[in-house]
Number of protein chains: 6
Amino acid sequence: MAFFDMGLDALEKYKPEVHEEADFDAFWAATLSQSRQAAGEPRFEEIEHHFRHIKIYDVTFSGFAGQSVKGWFLRPEGEGPFPCLIEFIGYGGGRNLPHEWLTMVSTGMAHFVMDTRGQGSGWSPGDTPDPELSPGNGQFPGFMTKGVLDRDTYYYRRVFTDAVRAYETVAARKDIDSARIAVTGGSQGGGISLAAAGLIEGLDAVLTDVPFLCHFHRAIRITDSYPYKEIGEYLRIHRDQSDRVHKTLSYFDGVNFSRRARCDAFFSTALMDMTCPPSTVYAAFNHYAGRKEIHAWEFNDHEGGGPFQMKKRIDILCDRWGL
Amino acid sequence: MAFFDMGLDALEKYKPEVHEEADFDAFWAATLSQSRQAAGEPRFEEIEHHFRHIKIYDVTFSGFAGQSVKGWFLRPEGEGPFPCLIEFIGYGGGRNLPHEWLTMVSTGMAHFVMDTRGQGSGWSPGDTPDPELSPGNGQFPGFMTKGVLDRDTYYYRRVFTDAVRAYETVAARKDIDSARIAVTGGSQGGGISLAAAGLIEGLDAVLTDVPFLCHFHRAIRITDSYPYKEIGEYLRIHRDQSDRVHKTLSYFDGVNFSRRARCDAFFSTALMDMTCPPSTVYAAFNHYAGRKEIHAWEFNDHEGGGPFQMKKRIDILCDRWGL
Amino acid sequence: MAFFDMGLDALEKYKPEVHEEADFDAFWAATLSQSRQAAGEPRFEEIEHHFRHIKIYDVTFSGFAGQSVKGWFLRPEGEGPFPCLIEFIGYGGGRNLPHEWLTMVSTGMAHFVMDTRGQGSGWSPGDTPDPELSPGNGQFPGFMTKGVLDRDTYYYRRVFTDAVRAYETVAARKDIDSARIAVTGGSQGGGISLAAAGLIEGLDAVLTDVPFLCHFHRAIRITDSYPYKEIGEYLRIHRDQSDRVHKTLSYFDGVNFSRRARCDAFFSTALMDMTCPPSTVYAAFNHYAGRKEIHAWEFNDHEGGGPFQMKKRIDILCDRWGL
Amino acid sequence: MAFFDMGLDALEKYKPEVHEEADFDAFWAATLSQSRQAAGEPRFEEIEHHFRHIKIYDVTFSGFAGQSVKGWFLRPEGEGPFPCLIEFIGYGGGRNLPHEWLTMVSTGMAHFVMDTRGQGSGWSPGDTPDPELSPGNGQFPGFMTKGVLDRDTYYYRRVFTDAVRAYETVAARKDIDSARIAVTGGSQGGGISLAAAGLIEGLDAVLTDVPFLCHFHRAIRITDSYPYKEIGEYLRIHRDQSDRVHKTLSYFDGVNFSRRARCDAFFSTALMDMTCPPSTVYAAFNHYAGRKEIHAWEFNDHEGGGPFQMKKRIDILCDRWGL
Amino acid sequence: MAFFDMGLDALEKYKPEVHEEADFDAFWAATLSQSRQAAGEPRFEEIEHHFRHIKIYDVTFSGFAGQSVKGWFLRPEGEGPFPCLIEFIGYGGGRNLPHEWLTMVSTGMAHFVMDTRGQGSGWSPGDTPDPELSPGNGQFPGFMTKGVLDRDTYYYRRVFTDAVRAYETVAARKDIDSARIAVTGGSQGGGISLAAAGLIEGLDAVLTDVPFLCHFHRAIRITDSYPYKEIGEYLRIHRDQSDRVHKTLSYFDGVNFSRRARCDAFFSTALMDMTCPPSTVYAAFNHYAGRKEIHAWEFNDHEGGGPFQMKKRIDILCDRWGL
Amino acid sequence: MAFFDMGLDALEKYKPEVHEEADFDAFWAATLSQSRQAAGEPRFEEIEHHFRHIKIYDVTFSGFAGQSVKGWFLRPEGEGPFPCLIEFIGYGGGRNLPHEWLTMVSTGMAHFVMDTRGQGSGWSPGDTPDPELSPGNGQFPGFMTKGVLDRDTYYYRRVFTDAVRAYETVAARKDIDSARIAVTGGSQGGGISLAAAGLIEGLDAVLTDVPFLCHFHRAIRITDSYPYKEIGEYLRIHRDQSDRVHKTLSYFDGVNFSRRARCDAFFSTALMDMTCPPSTVYAAFNHYAGRKEIHAWEFNDHEGGGPFQMKKRIDILCDRWGL
């Protein structure tokens, strides 16, 4: 059915109880602290290209446990300091080739695009492996159940830490105005953005579109679409691991990060989105602790607002940052 | 089967006889002449935006029979004259929002994006209707059989004329260097590009990726994929119209335009492309009358070279035009 | 789920508010008046065939704006006047070959089969083009969004006017008893029948099976099936046109025609019909202003009652008209 | 691939060796003889209806082993004797309701429609059971493997015998001109027609469209479409029964009946027919022993010529029989 | 939607009214009595094999109306008497090869595997035909509508009688302890088990997993999955037979057998089971008259608990029978 | 098409050139040597169960780089030494629960079932993680491209080493007769078996059914089925890595292991197998250097001979080992 989830009225009021472990904050504080200690100096290698008025850098920075993570950094020519948008990528994609990222930098802001470890072979190429130093568990193909039996080995522990480290790497640059840094992304990129908003102090804004990784408990019970379905597939086989998996996921749920986030937030969702059902997005939105707005695209599936939402993203940031 | 068409060796030699009517050139000369006579002044309305160093214009120009066709014109700030790339869009798409087209203009060339009449509701929005002044025929949903019973009423007569008129509109501008104009596009946009290359004198180059609208006779017999299949679907019902349809299509076949084209050509194709099978692309390539190159992407379906091909496109044009 | 819509109890009470513009009647009065003024003489060309006791005519009559529309007219040999059934065709089909229409005329009534403009390449051949004299809008493949941004350019304005003109053409014949004319059709044919029932004075009866084009607002939100989905696909891309599209559709909604119709009505629907969900049919039925009956086929999808419903259609009309 | 079978040139020459057991004729002679001996009087019960100039009878006749088989018999009013077309039905369908069969009788010929035992629950209703008096074998759902391990228990032994008995029942009627009886059908109906042509002396003609049940050995190896696939599915499980199944099928192969048939034959096939691939039809056609014609529909799948072929069927028979 | 049926809370309370005819018990008493009278001596032929410590017998016993039904009987070497598990097979499967059944006998119990008449060509091979002595009705491919117009000709009348006869055959053996016989099966095998539990006096236990053939009235309205859908397909065509079909099915509904069963029962179901929806299983469970337990597998479709449930089955029986 | 690959005659002669690097043997010798050096003592923990006459052990042994790999070891009670079959599992599966493996041990041989690292969440549960100590590359979901850019990081380097180590672990046991050890498996398990046959000295036999991981170059070009398709998907995105990927795969190609294997081999394949096309199996078979047999199942897809092949496997080994 086209509208398979709640109606808009119910969505706007939907604020479910989502499980959270007592040591949620301690877990993340320890995780980030360890990775900061393992961090080395980032490398920003300027690359040649055909585009005017901008500089592009091939970035290698220290993410989780000091492991190397790739990214692109694009910024206007000149001294700066520039405001900066950090972007996370949707499930399966990688940082792509740099010419694919000219839109935001054309407005006069800097743009940092973080590669997603292990991904980047599904629709846009990526360049960052995801080594597992300690044994996790066998997994259903994909990334959703990689190490899912333990919060310490779970894949998104590494990804969310990379995201915080990306912020810290950018914020430390002299050509960036650290008071004007925002994070964004669609789908998985939106989910990582929410985690970043919950974990980073001093972020200016989060723009999260059709975010993934929110309210897992409901998501894996109301949709058969991948990638949420990967978790259901895992539990279909590992019938005895449901509690353990749910416990792990609670440390990575966008709802729990939303409760902690304080920066201004701009959400979007789509009412026919089978991949990231609107109720899971509203669950995060309604719990979001900072100032917030949401736009619901009525006749869209997971593509959401597409170029219309991109235009909103540009307008919001340019207005906010005087570009 | 992954490789469903000929092998690469056979493709490189494949130069089939493709039917052509004796009055092919006369038909097109008359068509273009009539539309030139019906043409009014184009409108280039500059729009506001957030992007630096460039100007963007919302264009309305006179296409087939003087009918209004929309487009975007993006060019660097400054006097020019600039070289210009004219781009045609894939099947189902429209000119989209202007922020989607920043890549080429960022290199210092101008970029003209032509809306495809009637289309623009399948994946990117368009704004140009396709009125039919004289009655054509009932059609299978889509555009492939719109007016297909007669060369005079066939949909692509109007589209290809729009493309020539787009060139003439751009070439007449003072800020454009008319000796450095190229056409490009992927899929349908690649097919329109080939038609433009065959119909326009003085074009500098054509860059055509996974082109559609080539060697119809084979295409509708070896693939079940849309949009070629629309023609098969039409003939499935109108069992008595096959000769008439094939006759019409011969006036619009990329192979016949390739025989006439003289500018430098850069083709790409994909060996697993079910939508525009590689043999139909090589049929056009091997008949192409000018200097030419082709790149075959081995493990790709209709997405072809994607960002890798885009990088080639940028490199070819910037090298050629000194950008 | 097999039963995806409301249960039968709820369906029988379902009488939703459906939007209607104040000038609904004025719009249709003006539309019909203009087309009547543009009308020329119909042509009824008798054709040769192998069938006994009947005459068959290839018809060309003046539909919307005086444009030519095709049809078949079959009647018993003899003087008449005969009662007449006017039939409209399901989505994608055309008037087909005349031997496909022998059932009704075999009972002693006349049968007029109207071709549906533009259609007739999906499952049965048609012969009527749908020229668009004034520019409408780009469209999603199919007919549902052809000209949908404006009531004046919308495709069904032309089709429904053709239907009224078909009635007027038939009613003017001496061999037809104008007091005994009914309209019928399944799916789109049923939707056109309802429009005809709402627009034509003096119609004897309407027999509408699994009718399409009813309660658009709900239809495009509860089913992913085509052709309703074409509208959703259009709005998926043209995210800013929802209000405009809904306003246009209100002039063409079967519910609004049902409110105005006064002749006896015989509806059928199917409880597993994903194409024309039963709630959209009951919405029209429960608003229908004349005498009415409905039959709900429990285990059927869009094929509805099939030959069983055809038998009902024959029995109803023969009983009513003394055949 | 749209054209998945041989090209037309190869098809026209394709005359494969098809296995045949030495006692093929003896088997059929004994089978028919036994069923003739078990036959009782047929019942022709005239039914009431609304159609003019014709009479319709609900028929029960003795088929295989004297078992009751249903049919419809439609004939013009009057004395006769009339020529008669006997029609067999496609896979899954039944004799339907009688109003569905008015076309042929409207030309002045009689029309006998034989129900297919056991079938009639797939797309048109049937009324004839298929009791198995002697134990056969377990089967894959459908009819293709019912009793397939032995020629004596195979389902089509009963069906083909029913077909011969239908002919004999009709030919014995005074109102029928036994010199002018033809058989026809599409798909399975076409396959039964070929069997009838091979088994009946004195038949005037066979009109067989997209016939099924021809050249089983090839059919089950080149298509994955049902119903041929039912046999492949059976052998997929009963891996040790391939020889036995092929031996049984040889007694029922349309190629072997074609070799024996002498009446005039009119075949049609479709070049994109995945259900009854054209090579299997040409195998029967090229072996056909009588005068013969074939029409190949180029862009059609299993629907073949549809209404166009129906028009041919009417024209052939009316011309032949002076109607 | 992943969870398409009721939630667990509602399932646990779901005890619907299910229709039952007054002569339900009389019908079954007469059916079983007649088959007992027609029964001959079973044949247990010991076969050679490579497995240690066990004996395997190829069984032919008298089922419905004395017809031969096949099975495998495996038991430990030694004198016995052994407890025995009787197993019925899922839809489409047959008794398979004997080496596939070593698990239960390895625990020290005997194991009788009953072939399902007519089936055994879908996924595991079977060897028992299903002759129909008295004419039934045409059917939709499969077994669900075979003879469904009358309780006396319905397929499952024969199957359920075979099941009771299997029990009686086993219970009569000296090497079996008739006080320790249980029945089991998954899906159709689970449905047959429930029927056996309702029809057999003195059974020790029933272990029924994701049982089929329960609460037909709901099942055919909430799922589009086969094999329940076969009944919907039949009624889709035989639109006038719904009452008759529902009346027949009431004699074979697992809910009605559950009301009569007294032995201990162990059910399992799966909350995402589209084939045998959990509400239809809970309908039987909640009506079950004996002691009972149920396990609901949360993230499973029709595979249910798979090897985990098999482990439960082993543990339950070994604990119960001291193995 | 059902038969999509070569015909049987061509298959029997198909012996293609398959690329092999000069240091193939050196690479494997070094890999195995390093892992042997890292190996610790295996753990065989006897578990409780309900099965008679056998012992079952939960095994943890040192695989690649000394990493822990799980398995089940089942053997008859008694002293031994027993012959032993080592089994590898199909793609996606894990070692499952131990009661699923009773067949082979029931014949009197020991049975060692190796868990496949990382897998075991697709259809049967597994318990072995696949940690990546050194960074590899991003990957397409699944295991086929995990670390595929370098032979040293490629996933199957670890798996094949585990397989050799499994053999060495078993062969060292006193209760095993090291002269009578065979390896087996279907699909991926068959591919691992071939690698084991090529890498292990002194193996008695290999039984490989529908083996995967053979003739990659052809496989990824003739089938669209997973898991081979994972490699095509990777190259679809990483368009510049084809040479590197093909070079890596050459170290893991079953054809290259077949060239080196000397023990007796029993292959099976299926002529309709889209997952592991028969030509890729015959490529390995025809290159196999030892004594060999092959059985081709004609009407089977990837299920191959199923229980019939299992019976062959039992018969071959019991005959060979005198059981």
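1. The side chains of A:His302 and A:Ser187 are joined by a polar contact of 2.7 Å, a polar contact being a pair of N or O atoms within 3.5 Å of which, within protein, one must be able to donate a hydrogen and the other to accept it, with residues adjacent in sequence counting only if both atoms are side-chain atoms. This is a predicted model, in which local features need pLDDT of at least 70 and side-chain atom pairs count only at pLDDT 80 or more, whereas totals for chains, interfaces and linings use all residues; side-chain values use heavy atoms, with hydrogens and water left out. Residues are numbered from 1 along each chain as its sequence is written, and chains are lettered from A, with ligands numbered from 1, in the order in which they are written.

2. The UniProt record, an unreviewed entry, places the feature "active site" at A:Ser187, A:Asp273 and A:His302; its positions are given in the numbering used here, feature names are shortened, and annotations may be inferred rather than shown by experiment. Although these residues are spread over 116 residues of sequence, they cluster in space, with a largest C-alpha distance of 10.6 Å.

3. A:His302 is placed in the loop between strand E9 (292–297) and helix H11 (306–321) of chain A, where helices (H or I, at least four residues) and strands (E, at least two) are DSSP runs numbered from the N terminus. When its neighbours within four places in sequence are left aside, A:His302 is in contact (heavy atoms within 4.5 Å) with A:Ser187, A:Val210, A:Asp273, A:Thr275 and A:Cys276.

4. Is A:Asp273 buried or exposed? At 0% relative accessibility A:Asp273 counts as buried, on a scale where buried means under 20% relative accessible area, exposed over 50% and partly exposed in between (1.4 Å probe, protein chains only). A:Asp273 lies in the loop between strand E8 (264–270) and helix H10 (278–287) of chain A, and a polar atom of its side chain lies 2.9 Å from the backbone nitrogen of A:Thr275. Neighbours within four places in sequence aside, the contacts of A:Asp273 include A:Phe4, A:Val210, A:Pro278, A:Asn300, A:Asp301 and A:His302.

5. Chain A has an open sheet of nine strands in the order E1-E2-E3-E5-E4-E6-E7-E8-E9, with mixed pairing, two strands being paired if DSSP finds at least two bridges between them. Strand E1 (43–46) and E9 of chain A stand at the edges, each with a single partner strand, so one side of each is left without a neighbour in the sheet. The twist averages 20° from one strand to the next. E1(A) runs antiparallel to strand E2 (residues 54–62) of chain A and is joined to that strand by four bridges; in E2(A), A:Thr60 is the bridge partner of A:Arg43.

6. H10(A) lies across E8 and E9 of chain A and runs at about 165° to E8(A), with axes fitted as lines to C-alpha atoms, for helices over the stretch in contact, and angles running from 0 to 180 degrees between N-to-C directions. H11(A) lies across strand E4 (82–88), strand E6 (176–186), strand E7 (205–209), E8 and E9 of chain A, and runs at about 165° to E6(A).

7. In chain D, D:Glu46 lies in strand E1 (residues 43–46) and, at 45% relative accessibility, counts as partly exposed. The C-alpha atoms of D:Glu46 and D:Tyr57, which are 11 residues apart along the chain, are separated by 4.2 Å, and a polar contact of 3.3 Å joins the side chains of D:Glu46 and D:Lys55.

8. Chain A and chain D, by contrast, do not touch, their nearest C-alpha atoms being 26 Å apart.

9. Some backbone geometry deserves a check. Most residues other than glycine have a negative phi, and most peptide bonds are trans. B:Asn96, which is not a glycine, has a positive phi of about 70° and is buried, with a relative accessible area of 10%. The peptide bond from E:Gly80 to E:Pro81 is cis, with omega near 0°, and a cis peptide bond also joins E:Tyr226 and E:Pro227, with omega about 0°.
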